[in-house]
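Please keep the sequence and the model open while reading.

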Amino acid sequence: MDEQNFGLAENYINRELSLLKFNSRVLQQARDPSTPLLERLKFLCISCTNLDEFFEIRVGGVKQHIELDIASITADGIAPRDLLRDIHNEASELVAEQYRVFNEELKPELGAQNIRFVAREQWTLAQSTWLRQYFLDEVEPVLSPLGLDPAHPFPRTINKALNFIVQLEGLDAFGRKGEHAIVQAPRSLPRLIRLPDETNDQDGENYVFLSSVMHAFVNELFEGLVVKGSYQFRLTRNSDLFLDDEEIDDLMRALEGELASRKYGDAVRLEVATNCPDELVAYLLQQFSLSAVDLYRVNGPVNLNRLSQTYDLVERPDLKYPPFTAGLPKRLSHDTDLFALIRQGDILLHHPYQSFVPVIDFVRRAAADPKVLAIKQTLYRTGPDSPIVDNLVKAAKAGKEVTVVIELMARFDEAANISLANRLQKAGAHVVYGIVGKKTHGKMILIVRREKGGLQRYAHFGTGNYHEKTTRLYTDYGMFTSDSQLTADAHEIFLELTSFTKVPSLNIVLQSPFTLYNSLMRLIDIEIEHANQGREARIIAKCNSLVEPQIIQAMYRASNAGVRIQLIIRGTCCLRPGLPGVSENIEVRSIVGRFLEHARVYYFHNYTDPQVFCSSADWMDRNFFRRVEVCWPIRDSALRDRIIDELEICLNDNQQAWILQSDGTYNIPESETDSYSAQQALLNQFARVTY
């Protein structure tokens, strides 16, 4: 086939629509009877928060393209207005399925386990009495109902907040005719309320939504007037941040100013209760300058994610995944000199199957070791109460040279990272914010230690964040090394991030935005050359997303040449597999299970010399050209073989793997063999389940 045909629009899946498909796969986990019941509820909530972020970021961007009258800028060629319509159709089906799953499957099954969400019409007299008093004592004092009239315009509505539009009849104390009011639920109020045992006429735990309580007693807010109706709604706003690179002289200060406006970005979605009258819906759409394509009616409480509290409130281990103890490599199973162990050879960890504790210990020991002179680290997301940050603070206070590259623009963690930067600076650490206009997404720690032979460097490279909580939930690789070439490359990258240097000439590490993209294209071309010479040629790539069109076209060329390509893409994939003459030799699968698949691993068969890389980078435009990413080779043959074996485990999954079809849909493969889960297999291999 003519290579120009590889770039035809019909050969690409739209990024936004692919992301919605991923969210549908997450939601299907909420329906899987083999998954513990409270975990199924959690998957439902994850699908809701994912959809929120999708509208805040992705749909916000589509709307900006429409406003600016920008034609399609993606390889699939879909015009923004058409895309917004397609998004509405897909998202409407997804939302309807979310509420169906809750109302018809999870809610009844939880009720059978004596975990109930009690609707207003089901309240007993004792429950109604208690809830009314709860409303008067805990809710009503913090509410500020806002009547709408010429002196009281429609209030500013906070992003994703719970609101009610209330229909009224009658005259108030000033003789004003009350018709409509807005009641905003402060975020300080719990969205899920546990009813005390003494009000229950059945065993178990009973919960009530705050929205139900406000519905039931909203009349208490409008004494003397008749409440004709009360309807909940929620507005989603564009939450992407914009900073003009050329006008910034202090990134932190500029970001702090931009964060203040995030709650009031442009409206992108309106959710309303299904029973809200059409005239009120039209009124709300007008207030927010939205149209029917932005409207989503919901059959239940807006924002099902409030159900996520249930997981922590209900102490039922039998309804959750069994806990496990993460394993350790044999070399790390005894409390010995970690630096000496690293000098013996590279150490690979596969989280969460293997513990993240050695990474924390790496920084802890460095902070306490008088031989350690300097610690350098990148931080993208860390979470609150991070033990790694605690040890960086200790190291700085102890007088060590501590340099931390903090990415202030880590989406939705900006405020936390500003606080983190301030804390480290107060301790005496050198804090920089990376490169303006290019997010620092690479994950590295570099330690400089004085030893008998002189200064010795030790490094840790990772595919995931230095975030203790997510390392128990996300699959990622991390590697300790004292390899002179790898540690020298880490040193050069830190110099590049903290000072002014030319593009460093690295030994073996591939880096965005400089060498990673071209190196991958070259590695793909090498496989094509092997295939053309009749040799075995194979590529396996494991990423979160595959979007970049030139990489996709290179994959199409490789497929056409006979290269066997197996892609494990958890989320967005714009490549269409199985197209005749284009991608017949490409298989794409997405694994959705207990853990979030997050590792980035690239394997190139390379005839008799396999090449394996781990990286912080997905195969997206932003990762190749607008971020600082690192990609390091696995040079130890035993570790390389181990990673290849673990990739094969993922390729054998027939329980939680979804296979992408050429039309953009995903199917779980039918198999004549026994059910096989890659995540469970890796748990069995590395970890110990604890009941």
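Which residue in strand 4 does L146 stand opposite? L146 stands opposite I182.

## Basis of the model

This is a predicted model, in which local features need pLDDT of at least 70, side-chain atom pairs count only at pLDDT 80 or more, and totals for chains, interfaces and linings use all residues. Residues are numbered from 1 along each chain as its sequence is written, and side-chain values use heavy atoms, with hydrogens and water left out.

The L146–I182 pair belongs to the link between strand 2 and strand 4 (residues 180-184), which run antiparallel and are joined by 2 bridges. Strands are DSSP runs (E, at least two residues), helices are DSSP runs too (H or I, at least four), and both are numbered from the N terminus. Two strands pair if DSSP finds at least two bridges between them.

An open sheet is formed by 6 strands in the order 2-4-3-7-8-9, with mixed pairing.

Strand 5 and strand 6 (residues 205-209) run antiparallel, joined by 3 bridges. I193 stands opposite V208 in strand 6.

## Helix 2 against helix 3

Helix 2 (residues 37-67) packs with helix 3 (residues 80-112) at an angle of about 165°, their axes 11 Å apart. Helix 2 is therefore roughly antiparallel to helix 3 (angles over 145 degrees count as such). Axes are lines fitted to C-alpha atoms, for helices over the stretch in contact, and angles run from 0 to 180 degrees between N-to-C directions.

By class, their contact has 21 nonpolar, 3 polar and 5 charged residues. Ala, Val, Leu, Ile, Met, Phe, Trp, Tyr, Cys and Pro count as nonpolar, Asp, Glu, Lys and Arg as charged, and the others, Gly among them, as polar.

## Overall dimensions

The protein chain has 18 helices and 29 strands. Its C-alpha atoms fill a box of roughly 85 × 65 × 55 Å, taken along the principal axes.

Note on methods
Parallel < 35°, antiparallel > 145°, perpendicular 65-115°, else oblique.
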